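Colleague: Hi, I'm new to this one. Could you walk me through it?

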Amino acid sequence: MKKGMTIIACAFFLLPFMLLSVHSQEDMESVDRSVFDNPQRPAAVFKHEAHNETAGIEECNECHHVYEDGKLVEDESSEDQRCADCHGPEDQGNQPSLVKAFHVNCKGCHKKQKKGPIMCGECHVR
Amino acid sequence: MHDLYQFVSGPLAWVAFILFVGGSLYRMIAMLVEVKKKEPFIFTYMSLKYSLRSIVHWMTPFATYNWRRKPVLTVVTFAFHICLFVSPIFLLAHVTLWDESWDISWWTLPDGVADVMTLIVIAGCVFFLLRRLTQPEVQFVTFPSDYFILAIVAAPFVTGFLAYHQWFGYPMVMVLHVLAGEVMLVAIPFTRLSHMIYSPFTRAYMGSEFGVIRKSKDF
């Protein structure tokens, strides 16, 4: 009985966090810029769900990629990590800095698809 | 707008940079060849010491008689030229583009500082325009094309300012900004803006002639 109560109590406490993590992507309106020390531009507008619907993206690893030894690992994805876990403030060898990673990942695809924002102020909207 | 931006920031940027670098080299070499043909005697008294003495004096505010004689013009022209060079070269947005295309990057200005420097360049253009319109000694050496050249210089900074603040239709202003920058780059070797290329040579020649031949200062 006591064990059951503990599990219920734990679930009760964890529930908001679980909801939060589900909601954070659905409600995501812009790229989190709190990881930057001194951000110069407004946070890039990015509505996660709306974007993927419009762009017809089904696989997480279209954006949330995994690289090992400089090579893209197919069929693996990294949506459980933060971009900043790998991409630091500066380039490291072939691994682009966080700013560059965002820019290249988003803009690179937009250029290839000939759709979506590619100018500074189209994402960094004032 | 997607294709238009890709075009002005891609192939057209290549054309602009090739014409700017190639044109500048051509003008410099053509000028030296002409001196060699018409006045080769000049090369006999060119002096590194007096060249540098002249260049350093004229690059220092109030270090020459003429800079002291016109203090307002001196302050404006120094502020204008410093901001004209520093703000586009060290602008975060520009360096970001160099970094993404060529993997090269360098120190950048805070956006707020670059914003003020842009306004200084625009104010400088207005000052030079009023000066051309009102000062008889400037009117005397002003051609109609000089107003056009002034507009070519002002355009990248006005559009850059508007693009940064995202006023008056962002995507179009952004495309115009890239175009305006390219027009200015191409105009440098082929208009009076070529003083950017020629001025060190002009000063070196003046410094050498005054120092070696006339035994006097040119500042």
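Predicted model: local features only at pLDDT ≥ 70, side-chain atom pairs only at ≥ 80, totals over all residues.

Colleague: What handedness does the crossing of H4(B) and H12(B) have?

Modeller: Right-handed. That term applies if the near helix is turned clockwise from the far one by less than a right angle, and left-handed if anticlockwise.

Colleague: Which residues make the contact?

Modeller: From H4(B), they include B:Tyr50, B:Arg53 and B:Trp58, and from H12(B), B:Pro200, B:Arg203 and B:Val212 are among them. In contact means that the C-beta atoms, placed from the backbone, lie within 7 Å. The residues of this contact split into 7 nonpolar, 5 polar and 2 charged. Ala, Val, Leu, Ile, Met, Phe, Trp, Tyr, Cys and Pro count as nonpolar, Asp, Glu, Lys and Arg as charged, and the others, Gly among them, as polar.

Colleague: And how do H10(B) and H11(B) pack?

Modeller: Helix H10 (residues 144–165) and helix H11 (residues 170–190) of chain B meet at about 150°, with axes 8 Å apart. So H10(B) is roughly antiparallel to H11(B). Their contact includes B:Ile149 and B:Leu162 of H10(B), plus B:Tyr170 and B:Met184 of H11(B). By class, the contact has 15 nonpolar, 4 polar and no charged residues. The crossing of H10(B) and H11(B) is left-handed.

Colleague: What's in the loop between H10 and H11 of chain B?

Modeller: B:Gln166 is found there. Its phi is near 55°, a positive value in a residue other than glycine. Most residues other than glycine have a negative phi. B:Gln166 counts as partly exposed because it has 18 C-beta neighbours inside 10 Å; buried takes 20 or more other C-beta atoms within 10 Å, exposed 12 or fewer, and partly exposed is in between.

Colleague: What about the segment after H12 of chain B?

Modeller: B:Lys215 sits in that segment, and its phi is near 50°, again positive in a residue other than glycine. B:Lys215 is exposed, with 7 other C-beta atoms within 10 Å. B:Ser216 is also in the segment after helix H12 (195–213), and B:Ser216 is exposed, with 9 other C-beta atoms within 10 Å.

Colleague: Zooming out, how many helices and strands does chain B have?

Modeller: 12 helices and 0 strands, where helices (H or I, at least four residues) and strands (E, at least two) are DSSP runs, numbered from the N terminus. Of the 219 residues of chain B, 17% count as buried.

Colleague: Last one: what's the mean pLDDT of chain B?

Modeller: 97, with 100% of its residues reaching 70 or more; pLDDT is the predictor's confidence in each residue, from 0 to 100. For the complex, the predictor gives an ipTM of 0.88 and a pTM of 0.89.

Note on methods. Residues numbered from 1 in each chain as written. Chains lettered and ligands numbered in written order. Axes fitted to C-alpha atoms, helices over the stretch in contact; angles between N-to-C directions. Parallel < 35°, antiparallel > 145°, perpendicular 65-115°, else oblique. Contact = placed C-beta atoms within 7 Å.
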